[in-house]
Amino acid sequence: MAPPTRYQVGLLLAQTVVVQAVTFMLRPASAYQALQLDVPASWLGLLGASFAVAPLALAVPAGQAVDRYGERRTALAGAALLAAAGVGFVLLGGTIAGLALASALLGTGHLCAVVAQQALVANATPAGRYDAAFGYYTFAASLGQALGPGLIVLFGGDRPIPDTRASFLGATVVALPLLATAAFLRPSGQHRRATAGRTGGVADLVRTPGVPRALTVSCVVLAAVDVTLVYLPALGAERGIAAGTIGVLLGLRAVASMVSRLLLGRLVAAVGRRRLLIGTVALSAVGLGALLPPLPLWAMGVVVVVAGLGLGAGQPLTMSFLAESAPPGLRGRAMSLRLTGNRLGQVLIPSTAGFLAAGAGSAGVLACTAVGLAGAAWVATGLHHPARPPAAPPPGGRAG
């Protein structure tokens with residue numbers, strides 16, 4: 001099929017920003033609502049799990065749906081579920097059971113939307129543009145994740161506990177245009193190959209050379225991001241660093257990640273995808289490892305930026321490897337397998353880190369995470385992409 005037009009690229013990136021913004025607005029708003037209901041802290045974990053468990057169980061079926069019915073239909077289903085989740089929070093948010101049900105709807109809608117978006121990037125982008133396309137895509141996702149919490153202030157006010165009903169209503173209003181943007185997405189047409197019997201199943205995909213390694217690297221990198229979000233504040237508390245300073249450091253890490261994603265196409269053109277993945281994952285390992293000894297604040301800032309640059313590149317680069325390794329008609333399942341591995345890593349690795357923290361403290365957790373990243377860099381040395389002729393650039397410039 002013809003490469004995507006600038007209009008289609010812009011539509012996909014706009015939808016990506018809104019999906020992430022709605023999700024990262026509703027998740028903290030639901031936690032605030034639970035606090036208003038005087039829910040015990042242990043139940044907050046249940047609320048978080050209700051968001052993650054449904055996607056963990058439904059990720060592969062969602063990928064199969066993309067491959068069978070096309071990206072547009074799955075994106076429409078995701079948009080409808082996100083809007084339904086907002087309505088659910090409004091109508092059912094007065095009980096913890098209602099919050100959990102709405103959170104499960106949110107997690108499922110987010111899953112369908114994200115799998116459809118990633119599969120569309122993989123299917124509609126010329127192979128020679130994967131790295132730039134996934135770099136722009138993940139940049140848009142990061143932008144939405146940064147905007148979401150700010151929308152709580154916009155709709156719910158800046159009180160310690162915001163007006164959660166207004167936040168839920170605001171998120172629902174913001175989510176409704178997703179139905180229109182999804183309807184205008186142009187599907188890649190790869191699902192027609194899947195329904196014609198062109199491809200195998202998930203087991204065949206897992207046996208595809210390069211896929212297990214890309215899944216492993218993606219899982220470790222995303223889990224490392226989650227660990228830094230939790231244990232960098234804990235490290236600051238142990239060392240008497242003000243919470244505001246830690247917030248600035250986390251912001252620097254996020255901005256550095258966004259910069260690396262925005263420049264990804266140029267970086268891959270300069271050094272190659274495999275070398276860049278190995279180098280950036282190793283760089284993030286060095287950055288986290290450098291946090292172990294006490295450092296002046298300016299040095300912590302430099303180290304966190306270094307780690308952020310490395311962590312930001314890992315996800316889009318593994319998407320590129322998966323998109324190139326998976327045959328047409330199986331790319332939805334490839335992206336859903338990646339999300340499954342990421343969710344498992346987000347559950348298992350931080351949980352293991354919690355046990356380590358009891359004995360080794362936050363610095364010990366960061367040290368183990370750095371070792372894990374070094375291992376992921378070693379795993380990435382076995383990744384290779386098949387030889388192929390250079391792809392012609394799409395008309396009008398960038399592909400997304």
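# Helices, salt bridges and surface of a predicted model

Biologist: How many helices and strands are there in the chain?

Modeller: This is a predicted model. The chain has zero strands. The count of helices is 15.

Biologist: What share of the residues is buried?

Modeller: Buried here means under 20% relative accessible area. The chain has 400 residues. The buried share of them is 52%.

Biologist: Among contacts between residues at least 6 apart in sequence, what percentage joins residues at least 24 apart?

Modeller: A contact needs heavy atoms within 4.5 Å. Of the contacts in the chain between residues at least 6 apart in sequence, the part that joins residues at least 24 apart is 85%.

Biologist: How many salt bridges does the structure hold, and which residue pairs with Asp67?

Modeller: The structure holds three salt bridges. In one of them, Asp67 of helix H2 (residues 41–69) meets a residue of helix H15 (residues 331–380), so the pair ties together parts that are 266 residues apart in sequence. Asp67 is buried at 3% relative accessible area, and its partner, 2.8 Å away from N to O, is Arg333.

Biologist: Is Arg333 buried or exposed?

Modeller: The cut-off for buried is under 20% relative accessible area. Arg333 has 11% relative accessibility, so Arg333 counts as buried.

Biologist: Which helices does the salt bridge between Arg273 and Asp131 tie together?

Modeller: The closest N and O atoms of Arg273 and Asp131 are 2.8 Å apart.

Biologist: What distance does helix H13 reach from its first C-alpha to its last?

Modeller: Helix H13 covers residues 273–289, which is 17 residues. Its buried residues include Arg273, Leu276 and Leu277.

Biologist: Which helix gives the largest share of the nonpolar patch?

Modeller: The patch is made by Val255, Val259, Leu262, Leu263, Leu267, Leu283 and Leu309, and its area is about 500 Å². Leu309 belongs to helix H14 (residues 297–325). The largest share, three residues, comes from residues 243–262, which form helix H11.

Biologist: How many disulfides does a search of the whole structure find?

Modeller: A disulfide would need two cysteine sulfur atoms within 2.5 Å. Of the cysteines, Cys219 is buried at 15% relative accessible area, while Cys368 is partly exposed at 40%. The number of disulfides found is zero.

Biologist: Which residues does Leu105 touch, not counting those up to four places away in sequence?

Modeller: Leu105 sits in helix H4 (residues 96–124) and is partly exposed, with a relative accessible area of 27%. Phe51 is 54 residues from Leu105 in sequence, with 7.7 Å between their C-alpha atoms. The residues that Leu105 touches are Leu81, Ala84 and Ala85.

Technical notes: Residues numbered from 1 in each chain as written. Predicted model: local features only at pLDDT ≥ 70, side-chain atom pairs only at ≥ 80, totals over all residues. Heavy atoms only, no water. Helix = DSSP H or I, 4+ residues; strand = E, 2+ residues; numbered from the N terminus. Buried < 20%, exposed > 50% of the residue type's maximum accessible area, 1.4 Å probe, protein only. Patch = residues over 30% accessible without salt bridge, like charges linked within 9 Å, V, L, I, M, F, W, Y side chains within 5 Å. Areas by Shrake-Rupley, 256 points an atom, 1.4 Å probe, with all protein chains shown as cover. Salt bridge = Lys/Arg side-chain N within 4 Å of Asp/Glu carboxyl O. Expected span 1.5 Å × (residues − 1).
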